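Work through the exercises below with the model open. Try each task before reading its solution.

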Amino acid sequence: MAEILKVVPSRASERQRVADEVTDLANEARPIDSAIAAIFERLADAVRLGRVDDARAYSAAIDARAVAEAIVVRPHPIWGILELARNVLVFAPIAVTWFGLATATDAYAKLLEAKPELLDRPFLLLWEQGFQGAGFSIVFSTLATIDASLIAVLIVLSLAIHAQSDLRGARTRVASLLKESQIRATIAHATSAAASGIGSDEADELLDEMAAEERRVFERVLDREKQLYDLEGAITEMRKGAADLARAAEALTSLVKR
């Protein structure tokens, strides 16, 4: 706001300076959306030439929030791959377990057909012994280890994805709000600079609106920061819970092996 309130002696040099700021925004938006960059460039031209109506029309066509999110929010493709892997692997423990049960029951039936005297032996014990080589089956302890490993991988992936979406996402939203504030201030300044004969009363009203908008944006930033701190505490609790689950899975695997 201090920069906006500066007194600039030359209206032409002021328009050029504001046009340069709009051009910088166009350069930032060009890699993401060439159409948005073109609107910024036309706005910059309108400001340089002092075309008030064109400047207002192009300013109205720009959605500051959408542009800010497009510039700031650039998720790395690896997170999409990890989320897809997590969504697919969530069914892996179930599939492995039922496959193990299917092969175990088939091997158990073949063993009893060959040796009916083993009918009184516990099913789990025979399973752990590989049904004495009758048929194909995954040993029970091996199956439990595979399931525990898959669950541990799912826990790690879920924690990583939640940490990225909650913590880094919250920081990104704060940066997006700050960028939105900058874009709104630049657009308002561009509209003001394009008007060569703007009156003092109209200028004061415009600056008051900009100051009110600036306050609203920073209030939203403070709310996002508070949410960020709350999310950091929740992630800490999730990590503790994941560690407890991992220890429980290790204990279960050790018990099965014994």
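**Exercise 1: a pair in H2**

Aspartate 45 and arginine 48 form a salt bridge, with the closest N and O atoms 3.1 Å apart. The model is predicted. Task: find where the two partners sit and how exposed each one is.

Solution. 
1. Locate the pair. Both residues lie in helix H2 (residues 34-49), three residues apart, about one turn of the helix.
2. Apply the geometry. An α-helix has 3.6 residues a turn, so residues three or four places apart point the same way.
3. Aspartate 45 is partly exposed at 37% relative accessibility. Arginine 48 is partly exposed too, at 30%.

**Exercise 2: a pair in H8**

Task: arginine 184 and glutamate 180 meet in a salt bridge. Is each partner buried or partly exposed?

Solution. 
1. Take the distance: 3.0 Å, N to O.
2. Place the residues. Both lie in helix H8 (residues 140-194), four residues apart, about one turn of the helix.
3. Compare accessibility. Arginine 184 has a relative accessible area of 30% and is partly exposed. Glutamate 180 has 1%, under the 20% cut-off, so glutamate 180 is buried.
4. Look for shared partners. Salt bridges join Asp20, Asp45 and Arg48 into one network.

**Exercise 3: the span of H6**

Task: what span is expected for helix H6 (residues 92-114), and what does the model reach?

Solution. 
1. Count residues: H6 has 23.
2. Take the expected span at 1.5 Å a residue: 33 Å.
3. Compare. From first C-alpha to last, H6 reaches 33 Å, close to expectation.
4. List buried positions. Among them are Gly100, Ala104, Tyr108 and Leu111.

Key
Residues are numbered from 1 along each chain as its sequence is written. This is a predicted model: local features need pLDDT of at least 70, side-chain atom pairs count only at pLDDT 80 or more; totals for chains, interfaces and linings use all residues. Side-chain values use heavy atoms; hydrogens and water are left out. Helices (H or I, at least four residues) and strands (E, at least two) are DSSP runs, numbered from the N terminus. The expected span of a helix is 1.5 Å times one less than its number of residues. Buried means under 20% relative accessible area, exposed over 50%, partly exposed in between (1.4 Å probe, protein chains only). A salt bridge is a side-chain nitrogen of Lys or Arg within 4 Å of a carboxyl oxygen of Asp or Glu.
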